[in-house]
Amino acid sequence: ATCADNAGLEVLARLPRLETLYLNASTFDDEGFETLAKIKSLQSLAFDHNGRFSGRGASALKSLPNLRSLRFGGCMKFTGEGVKASAELVQLESLQLHHCGVGDDDLPPLAGLPNLKSLFVSSQFNGRLTGAGMKHLAQIQTLESLKVAETVVTYESGLDALAQLSRLKKLELDKVGASTMDIEKLRAAMPQTEIKWTAASDDEI
């Protein structure tokens with residue numbers, strides 16, 4: 001759906017069997033999450049290009065017992081407050097933070113999600129996600145799949161920390177500025193993990 005505001009969410013809340021909801025270019029604010037929390041059947045939620053909410057209201061979603069997957073994409077006002085709120089959703093198994101205003105120092109709360117198996121973080125080459133962020137991600141010991149995109153990092157500055165993720169089966173580094181030598185070091189340190197690397201172009205960096 002497009003352009004869903006707070007009133008529009010009230011209409012959606014009347015759908016008692018709704019399991020998957022994707023909203024693009026919605027206009028609801030943080031209070032809207034309280035309305036979404038009424039839809040107890042929800043299993044998957046995705047929001048792209050919302051320019052109003054900070055994400056702090058997302059903590060209301062912890063009352064959704066079946067919610068397993070949550071995505072925020074292109075929500076530039078979604079920052080550290082939103083990450084902290086999302087970290088209260090202990091039922092989550094998958095979380096995507098794509099092109100949001102999230103940086104290194106916002107990531108530590110995610111280590112408190114006991115069931116998180118899949119995580120995607122991208123920074124749009126804005127400099128907010130660095131090797132320090134990799135070290136925070138390495139604390140999420142439940143991860144089985146991790147995708148990091150649009151950043152520049154070396155093995156010593158943070159990639160090496162990812163070897164701490166003993167349960168990680170798949171690591172995708174998409175448009176990541178790193179040297180071939182550093183990626184080979186990472187592969188050697190993580191033989192149990194399938195690592196896919198797409199290098200960033202000079203123009204992107």
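Rings of Phe, Tyr and Trp (for Trp, its six-membered ring) are taken as a pair if their centres lie within 6.5 Å. With that criterion, a search of the whole structure, which is a predicted model, finds 9 aromatic pairs.

**Aromatic residues**

- The ring centres of Phe28 and Phe47 are 5.6 Å apart and their planes stand at 65°, which is over the 60 degrees required, so the pair counts as edge-to-face.
- Phe28 belongs to the loop between strand S1 (20–24) and helix H2 (32–36), while Phe47 belongs to strand S2 (residues 44–48), so the pair ties together parts that are 19 residues apart in sequence.
- Both Phe28 and Phe47 are buried.
- One aromatic cluster is formed by Phe28, Phe33, Phe47, Phe53, Phe72 and Phe78.

**A charge over a ring**

- Lys147 lies over the face of Phe120, at a distance of 4.6 Å from the ring centre.

**Helix H5**

- Within helix H5 (residues 180–189), the residues Asp182, Ile183 and Leu186 are buried.
- These three cover an arc of only 100° around the axis, which means that they sit on the same side of H5.
- An α-helix has 3.6 residues a turn, so residues three or four places apart point the same way.
- The buried residues of H5 are covered by elements including strand S7 (170–177) and strand S8 (194–199).
- Thr180, Met181 and Ala188 are exposed, and they are carried on the face of H5 that is turned away from its buried side.

Key:
Residues are numbered from 1 along each chain as its sequence is written. This is a predicted model: local features need pLDDT of at least 70, side-chain atom pairs count only at pLDDT 80 or more; totals for chains, interfaces and linings use all residues. Side-chain values use heavy atoms; hydrogens and water are left out. Buried means under 20% relative accessible area, exposed over 50%, partly exposed in between (1.4 Å probe, protein chains only). Helices (H or I, at least four residues) and strands (E, at least two) are DSSP runs, numbered from the N terminus. The arc is that of the directions from the helix axis to the C-beta atoms. Contact means heavy atoms within 4.5 Å. Rings of Phe, Tyr and Trp (its six-membered ring) pair if their centres lie within 6.5 Å; planes under 30 degrees apart count as stacked, over 60 as edge-to-face and the rest as tilted. A charge sits over a ring if NZ of Lys or CZ of Arg is within 6 Å of the ring centre and within 35 degrees of the ring normal.
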